[in-house]
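Look at the sequence and the 3D view first, then read on.

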Amino acid sequence: MTPPTARPQATADARPGDPGAGSPSSIPSSAALRLALPKGRLQAGILELLDEAGIRVDLGDRAYRPSVSLENTEAKLLKPQNVVEMLDAGARDVGFAGADWAIEKRAPLVELLDTGLNPVRIVAAAPMELLDADGKLPERGLGGRRLVVASEYVELAERWVERSSLDATVLRTYGATEVFPPEDADLIVDNTSTGSTLRANGLVIIDEVLRSSTRLFASQDAAADPAKRARLDQLVMLLVSVLDARSRVMLELNVGAGDLDAVLDVLPCMRQPTISTLRGEAGFAVRAAVPRKDIAALVPRLKELGGADICISNVSQLVS
Ligand SMILES: Nc1ncnc2c1ncn2[C@@H]1O[C@H](COP(=O)(O)OP(=O)(O)OP(=O)(O)O)[C@@H](O)[C@H]1O
Ligand SMILES: O=P(O)(O)OC[C@H]1O[C@H](OP(=O)(O)OP(=O)(O)O)[C@H](O)[C@@H]1O
């Protein structure tokens, strides 16, 4: 890959009038950060995540160079494939991209955080008619002919072909990969989320190549630079606080002294629940951030054990 031409170092972007300039939510910084935000389908989820973390991104009319309410941070919108390349070349310090593209491009990036957003599976799929009764590729092959595998992920597809000991060539696509079989390819290696595009094109999954989701990556140099690393760790902490908060609710209840231990025994929480005494020795108020997924089973159980006045609310950030 040709390294991008040298650019001026990132400038302090928090000018008077910019959102967040000097705001209390700004991460104090000594080192300038060059941030890559993903353009395309990953964009909305990442901007929402940043916003919930108190980091505002103003797309404004500056097109692909949004302003970000982090001090001394210069941002750029790039397609995820280019985010990976720019980080690999050291032209960006930190950015969001799918793990699939980092692996496809064999880019030795430092993964700072798996956001869990945009979960996809990269799979090999084929038309039903190509497969034998067990849903597998026929062992005898296709009458001596080399298979053609269509994919945007040429590297991943080639590695899968090799692992599967297939005699096949890979045909590079630029999207709409599912339309290639049967005329222009025998199989595909592509990403799938709901599976509806595969189904709509009569394709069935024959193998899983890898799982991917949107990650925050740093360049090797930025991760090794102590001043930048400190800022990256703060950014990760803020993002994790939002992801944790999304998966938990704040549960509060009152309980009599005799039932307190039984309630605490079943209460999942981040560390220890907060317990305060009710006025007039009427019992205790208990408060804990519990996993959202446990609520349906937990609330009836807490009531059975003597919990009362149960109150559940959403939290926006949790910093442990
Ligand atoms: N249907 C999907 N659901 C969730 N994530 C997806 C889906 N399709 C692709 N992705 C992820 O989006 C990232 C970017 O992929 P890609 O560049 O193909 O999509 P895009 O940003 O929508 O661009 P384009 O539409 O131009 O192809 C990849 O990491 C990929 O895993
Ligand atoms: O399993 P599903 O929920 O159907 O999602 C998978 C599809 O989504 C993406 O297509 P996209 O719309 O980005 O178009 P593209 O093929 O041009 O990349 C991907 O390339 C698959 O085709």
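## The shell around ligand 2

By class, the shell around ligand 2 has 1 nonpolar, 9 polar and 3 charged residues. Here Ala, Val, Leu, Ile, Met, Phe, Trp, Tyr, Cys and Pro count as nonpolar, Asp, Glu, Lys and Arg as charged, and the others, Gly among them, as polar. The model is predicted: local features need pLDDT of at least 70 and side-chain atom pairs count only at pLDDT 80 or more, while totals for chains, interfaces and linings use all residues. Residues are numbered from 1 along each chain as its sequence is written, and chains are lettered from A and ligands numbered from 1 in the order in which they are written.

Of the 13 residues around ligand 2, those that come nearest are Gly175, Thr192, Ser193, Thr194 and Thr197; a residue is near if its C-beta atom, placed from the backbone, lies within 6 Å of the molecule. Two or more residues of the shell come from each of β10 (187–192) and α5 (196–200), and β10 gives the most, with 3 residues. Helices (H or I, at least four residues) and strands (E, at least two) are DSSP runs, numbered from the N terminus.

## Strand β5

In strand β5 (residues 94–98), 5 of 5 residues are buried, meaning that 20 or more other C-beta atoms, placed from the backbone, lie within 10 Å of a residue's own. Val94, Phe96 and Gly98 point one way, and Gly95 and Ala97 the other.

β5 runs parallel to β1 (residues 33–38), joined by 2 bridges; strands pair if DSSP finds at least two bridges between them. With β12 (residues 214–218), β5 pairs in the antiparallel sense over 5 bridges. Val94 is the bridge partner of Leu35 and stands opposite Ala218 in β12.

How values were computed: Buried ≥ 20, exposed ≤ 12 C-beta atoms within 10 Å, placed from the backbone.
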